[in-house]
Amino acid sequence: STEMASWISKAMRLKIYKRDELKCAYCGIQCKVCDTRTCDDLSNACTLDHIISQKTIYASATDDKHANVMRRDPKNLVVVCMSCNSSKQDTELYTWCAQTSRNYAAIIAEIARRIAIAV
């Protein structure tokens, strides 16, 4: 199920949705804010992806508190559709782009544009 996850506040989640104009940072489609109760097709459901994966965050953080701050940092989060998020999972962005023939440079530029905007 994809009910709003509790690891990030609803307010911050909505700020990131607004910043990113509900567009997938990876494939560019318009995402829908929905969950399993309100959405027939979850492939374009709005999700947040960690640019630096949570696995990497936990491996590099000094402790759990530090990791939790890092994983909620809006500068490490972008709106992506459920389809891209399910495909990428914990794979690092460069590797995933190479595996799926995506334009890594264009995606990085789009991420940089988004995270420069204050939330």
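**Briefing: salt bridges, paired strands and nonpolar core**

The side chains of R113 and E110 form a salt bridge, with an N to O distance of 2.9 Å. The model in which this pair is found is a predicted one. The structure holds five salt bridges, and its largest nonpolar core contains 22 residues.

**Salt bridges**

- R113 and E110 both belong to helix α6, where they stand three residues apart, or about one turn of the helix.
- R113 has a relative accessibility of 42% and therefore counts as partly exposed, since that class lies between 20% and 50%.
- E110, at 21% relative accessibility, also counts as partly exposed, because the limit for a buried residue is under 20%.
- R114 forms a salt bridge with D20, at 3.2 Å from N to O. This pair links distant parts of the chain, with R114 in helix α6 and D20 in the loop between α1 and β1, 94 residues apart.
- R114 is buried, with a relative accessible area of 2%, and D20 is buried with a value of 2%.
- A network of salt bridges links R19, D20, E110, R113 and R114.
- D49 and K88 meet through their side chains in a salt bridge of 2.9 Å, N to O. D49 lies in strand β1 and K88 in helix α4, so the pair ties together parts that are 39 residues apart in sequence. Both D49 and K88 are buried.

**Strands β1 and β2**

- β1 and β2 pair in the antiparallel sense, over five bridges.
- Two of the facing positions may be located by name: D49 stands opposite V78 in β2, and T47 has V80 of β2 as its bridge partner.
- Five of the five residues of β1 are buried, so β1 is largely enclosed by the rest of the structure. C46, L48 and H50 point one way from this strand, whereas T47 and D49 point the other way.
- Five of the five residues of β2 are likewise buried, so β2 is also largely enclosed by the rest of the structure. From β2, L77, V79 and C81 point one way, and V78 and V80 point the other way.

**Nonpolar core**

- In soluble globular proteins, nonpolar side chains tend to be buried together.
- Within the largest nonpolar core, the residues that touch the most other members are C24, Y26, L48, V78, V79, L93 and I111.
- At least two residues of this core come from each of α1 (10-19), β1 (46-50), β2 (77-81), α5 (93-99) and α6 (104-115). The largest share, five residues, comes from β2.
- Leaving aside residues up to four places away in sequence, L93 touches Y26, K88, Y104, I107, I108 and I111.

**Nonpolar surface patch**

- Y94, Y104 and I108 make a nonpolar surface patch of about 290 Å².
- I108 is located in helix α6. I108 is partly exposed, with a relative accessible area of 33%.

**Residues with positive phi**

- E21 has a phi near 55 degrees, a positive value in a residue other than glycine. E21 is placed in the loop between α1 and β1.
- Q89 has a phi near 50 degrees, again a positive value in a residue other than glycine. Q89 is placed in the loop between α4 (82-88) and α5.
- Q89 has a relative accessibility of 56% and so counts as exposed, the class for values over 50%.

Terms used. Residues numbered from 1 in each chain as written. Predicted model: local features only at pLDDT ≥ 70, side-chain atom pairs only at ≥ 80, totals over all residues. Heavy atoms only, no water. Core = buried A, V, L, I, M, F, W, Y, C linked by side-chain atoms within 4.5 Å. Buried < 20%, exposed > 50% of the residue type's maximum accessible area, 1.4 Å probe, protein only. Helix = DSSP H or I, 4+ residues; strand = E, 2+ residues; numbered from the N terminus. Contact = heavy atoms within 4.5 Å. Patch = residues over 30% accessible without salt bridge, like charges linked within 9 Å, V, L, I, M, F, W, Y side chains within 5 Å. Areas by Shrake-Rupley, 256 points an atom, 1.4 Å probe, with all protein chains shown as cover. Salt bridge = Lys/Arg side-chain N within 4 Å of Asp/Glu carboxyl O. Pairing = 2+ DSSP bridges.
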